[in-house]
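Welcome! Please take a moment to look over the sequence and the model below, and then we can walk through some of its parts together.

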Amino acid sequence: MSERKLLWEPSQAMIENTNLSRYMQRMSHKDYSSLWKWSVDNNTEFWKSLIDYFEIQYDGSYTDVIKGTMPHASWFEGIRLNFAEHVFRKQTDKHPAIIWGTETKEPKEISWKELKQKVASFASLLKQQDVQPGDRVAGYLPCIPEATIAFLAANSIGAVWSSCSPDFGTQSVVDRFLQIEPKVLVAVDSYTYQGKTYDKQPVVSEVVQQITSIKKVVIVGQSSWDEATSNVSAQLSFTRVPFSHPIWILYSSGTTGLPKAITHSHGGILLEHLKYLTFHNDLHEGERLFWYTTTGWMMWNYVQGVLLCGATAVLFDGHPGYPDLNRLWEFCEQAKVNHFGTSAAFILSCRKSGVQPGDLKDLRSIGSTGSTLPEEGFEYIYQHIKKDLWLTSMSGGTDVCSAFVGGNPLWPVYSGEIQCRALGCSLEAWNDDGKPVVGELGEMVITKPMPSMPVFLWNDKDFSKYEDSYFSTYPGVWRHGDWIEVTEHEGIVIYGRSDATLNRGGVRIGTSEIYCAVDKVSEVQDSMIVCIEKTGGKFYMPLFVVMKEGHHLDDDIIKKINTVLRNDYSPRHVPDEIIAVKEIPYTISGKKTETPVKKILMGRDPSKVVNSGALRNPESMNFFVNFYSTMKK
């Protein structure tokens, strides 16, 4: 594969001050490569070392770190602990617990003392409602402090949390929460997005009507929330639960059928978030970490882990580009953010719009996830955001609520490349023969269990959905569904989803290669590529593009796109046809939906391959349904 440009290297002073260096010294490893290999070859010793290193508080004892194999591996049987207890172990007066802002409001601080009082009060209300360990508490909330308060309160008593953001419509909420039968619903009556206020009372009413398990509704912004959090005499206590006890339920962004209700464990998430945030994000006590997210994306859950590290969780409620794309950068400056996380799409939008933020003197790292960040995105950060900055592209997902691959504060940053495989993650790229390869395109697999893998999918009693989701291709080995390359210096390049990979005449083409090239064409705003296999070894590979305002697709732009694809990659990357569309369909969590589009263009029934409730813009699918009727069959 191509050689990648060196963009940044850590200073010796930074290396010596990293959490990772301290851990390496304790474990007697001189470099990250040997530490990573030890962590996967001796994964029981590695995960046990984290129990000791982070001084995890628990009752009981364990004999085995891991029992069984994937997908039935169990961890630390015999001990009981609590996630929220470890959060408040870090309580301090030295810095705030939470900083939050909105599209129009400047950052406000919430102290640890205030957070603890409100969590204690809300936990008291939940107990009054007879919420027991294992019962579900659901949130229909924006990214506001009240969501964190409700989560920590539920967690403190052993209840299971689950949330959706208020941009979800009635059916999307019902499709998720009906599966898990929550006892309590915490919701907003309205929310503001892109300068507009949306009334959500009708949705809340419909959800409560359809989900009969809900016995109590608490509305943020009304008296019921104020009453629930005003009990100043309430004392916060923690119910310790088994290591494998569910902590929260997340949902796949799948576009067909009901979303998978992915259930993670209390102990697995506690260890994983401490590990990733401490070592791979290099988060120090007192620092401020902000990741732009909604409560419907697993990155919101990830941000809750910031509190485990004695750091400040920074929250933002609103549209990332309102009133313009400078807003989040201004917010970072106002809130004195040290670590800013966002999506690749946001970074690329800033690049196309020529955004050049002001002084970001407190910012020392930028994280990117959600989709592949191409080389242009990397280089934009260093040319126009800040030169002395650690850029950490990462990839994992809802399935583990963390990252398999991501940041390494000890290693350089190469353009378009994720720095390393995370500690304890036995990740490989496998060729068609099921053999690990380096410097070649391969299927991303995880060969050993991790404690943050789901304990189960809700209502999947025989594990059939679980096995079909991750283990149907390679029994006993987790197939994640990405095409990747492990580079010669142990970095990772992701080339797109393997289930959406373009297979043109037997040659695999990663969708990210197409998008990376098309992104260079300034007149194009967005794009989607699919490849339809036909009979007789034929195929049809159309490229759909959204043009920037003021531009339309003509022969000159078509030629420009094809030339870039041919020059950057190969003639095989040139599409058979380029078609202008008004918008590209995305899931609610921000992923392009190549696979459902491909199935529609192969003649599948749209009602069976598309779950409109999982889409951010379901009406965008109408174009492809109509387009299929005009295709030459």
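Let us begin with F76: leaving aside residues up to four places away in sequence, F76 touches W47, K48, I51, Y62, D64, V65, F243 and L271, where contact means heavy atoms within 4.5 Å. This is a predicted model, in which local features need pLDDT of at least 70 and side-chain atom pairs count only at pLDDT 80 or more, while totals for chains, interfaces and linings use all residues. Residues are numbered from 1 along each chain as its sequence is written, and side-chain values use heavy atoms, with hydrogens and water left out.

F76 also belongs to the largest nonpolar core, which has 96 residues; F76, L115 and F122 touch the most other members. A nonpolar core is a set of buried Ala, Val, Leu, Ile, Met, Phe, Trp, Tyr and Cys residues joined through side-chain atoms within 4.5 Å. Buried means under 20% relative accessible area, exposed over 50%, and partly exposed in between, with a 1.4 Å probe and protein chains only. Helix α6 (residues 112–128) gives this core its largest share, 8 residues.

## Helix α4 and its cover

Which residues of helix α4 (residues 43–53) are buried? They are N43, F46, W47, S49, L50, I51 and Y53. Helices (H or I, at least four residues) and strands (E, at least two) are DSSP runs, numbered from the N terminus. The cover over the buried residues of α4 includes α2 (19–26), α3 (32–41), β3 (66–67), β4 (74–75) and α11 (266–280). Just after α4 comes E55, with a positive phi of about 50°.

Strand β20 (residues 365–369) is largely enclosed by the rest of the structure, because 5 of its 5 residues are buried. In a regular strand the side chains alternate between the two faces of the sheet. In β20, S365, G367 and T369 point one way while I366 and S368 point the other way, and all are buried.

β20 runs parallel to strand β19 (residues 339–343), joined by 5 bridges; two strands pair if DSSP finds at least two bridges between them. F340 stands opposite I366 in β20. Between β19 and β20 the chain passes through helix α14 (residues 344–353), and this β-α-β crossover is right-handed: with the strands pointing away from the viewer, the path from the first strand over the helix to the second runs clockwise.

Strand β21 (residues 390–393) is also parallel to β20, with 4 bridges joining them. There, W390 is the bridge partner of S365. The chain goes from β20 through helix α15 (residues 375–385) to β21 in a β-α-β crossover that is right-handed.

## An open sheet

Elsewhere you will find an open sheet of 4 strands, ordered β26-β27-β29-β30 with antiparallel pairing. Its edge strands, β26 (427–430) and β30 (492–497), each pair on one side only. Strand β29 (residues 478–486) is joined to β30 by 5 bridges, and E485 stands opposite V493 in β30.

## Cysteines

How many disulfides are there? The count comes to 0, with a disulfide taken as a pair of cysteine sulfur atoms within 2.5 Å. The sulfur of C143 is too far for a bond, because the closest cysteine sulfur, in C332, is 13 Å away. C143 counts as buried, at 4% relative accessibility. For C164, the closest cysteine sulfur is in C143, 14 Å away and too far for a bond. C164 also counts as buried, at 0% relative accessibility.
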